[in-house]
Amino acid sequence: MDAQHGTGLELILNAAEGVLQIVVTEDEHILCAQEWYRSERATEILAPALAELATSLGIRWSDLRRMACVRGPGSFTGIRLTLATAAALRRCGRAQLAGLDYMQALATTAVMQRGMLYGGHIWVLTHARRNLVHCQPFVSYGPEIPAQPLQGVSLCTPAEAVAAITADTADAALVCGTGLRRNADACAPLESLSAVTCLPACIHASTGALCLLARHGDYAPEDIEPLYVRPCDAVDNLPDLARRQGRDSDAATAELERLLHLAPDSEI
């Protein structure tokens, strides 16, 4: 691929759930792919890892042409970390950014692992919080095209997800994600469905799936907006936290709402 028409140097980041993934490509050829299974330390790991990669690969992050970051749904901290890093790097060079969907990355991973052909369905269930999962169905277009969503992601109980999958009339369906593994008892009825194959080990997006989604990403010279589905625990707990500190809970909630909608003074 020539320099004029190639995709150039690209960084792909994902910390939506469980693992920090860093992929560097040049004209879609993988230069490096790292997976750090220390999600609780991703904030400490990411910047030093990027610095070491720049040195070992002999590249400058200011030369990035594209950055693709998983925008959610998933860990609030992980999503903020990667999107903020991409936003900072964008201001140091000329890179354009694209947001990737985590549920789609998992669905595409399942398709690629199983070699699923056109028309099959993939149900992605990821852990949201106790007794809640993110749930979304996709349709396969084969292993060389990202799986496409059949509807938006929903927040529901494992039982509700099982009911939706059971009602699916597709001839073949795959089910994957941490929501399947962490709610094994609730999802057990799926094992008896002849058209359904459960993939409890498919809980992380593969490097191949991330690269495929990045290839098809919509790039723009703008920061990526996160995709949050479930409410933030801190927001839900704010009234109780305010009362414990001797503050008025209604006033604290109103102030948070004001701050969330306050226009920034600058892009930085």
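Strands, as the word is used here, are DSSP runs of at least two residues, numbered from the N terminus. In this predicted model, one such run is E10, which spans residues 173–176 and includes Ala173. Ala173 makes a handy way into the fold. Setting aside neighbours within four places in sequence, the contacts of Ala173 are Met116, His121, Trp123, Ala195, Val196 and Thr197. Pro137 sits 36 residues away from Ala173 in sequence, yet the two C-alpha atoms are 9.5 Å apart in space.

Stepping back to the whole chain, there are nine helices and 11 strands. The radius of gyration comes out at 20 Å, which agrees with the value near 18 Å that a compact globule of 268 residues would have. Along the principal axes, the C-alpha atoms fill a box of roughly 60 × 55 × 30 Å. Some 46% of the 268 residues count as buried. Among contacts with a separation of 6 or more, 65% link residues 24 or more positions apart.

As for the surface, the accessible area is about 13800 Å², and carbon and sulfur atoms supply 52% of that. On the charge side, the chain carries 21 positive and 31 negative side chains, with the centres of the two sets 5 Å apart.

The UniProt record, an unreviewed entry, annotates residues 42–136 as "domain: Gcp-like". Over that stretch the chain is 46% helix and 28% strand, and the C-alpha atoms at its ends are 26 Å apart.

Most residues other than glycine have a negative phi, and most peptide bonds are trans. Against that background, the bond joining Gly72 and Pro73 is cis, with omega at about 0 degrees. Pro73 belongs to the loop that runs between strand E4 (66–72) and helix H2 (76–90).

Two non-glycine residues have a positive phi. Asp27, with phi near 50 degrees, is found in the loop between strand E2 (19–26) and strand E3 (29–36). For Asn131, phi is near 60 degrees, and the residue lies in the loop between strand E6 (121–129) and strand E7 (132–139).

Key: Residues are numbered from 1 along each chain as its sequence is written. This is a predicted model: local features need pLDDT of at least 70, side-chain atom pairs count only at pLDDT 80 or more; totals for chains, interfaces and linings use all residues. Side-chain values use heavy atoms; hydrogens and water are left out. UniProt positions are given in the numbering used here, feature names are shortened, and annotations may be inferred rather than shown by experiment. Helices (H or I, at least four residues) and strands (E, at least two) are DSSP runs, numbered from the N terminus. The radius of gyration is taken over C-alpha atoms; the globule rule is 2.2 Å times the number of residues to the power 0.38. Buried means under 20% relative accessible area, exposed over 50%, partly exposed in between (1.4 Å probe, protein chains only). Contact means heavy atoms within 4.5 Å. Accessible areas come from the Shrake-Rupley method with a 1.4 Å probe; for residues, only the protein chains shown count as cover. Lys and Arg count as positive and Asp and Glu as negative; His and the chain ends are not counted. The place of a charge is taken as NZ of Lys, CZ of Arg, CG of Asp or CD of Glu.
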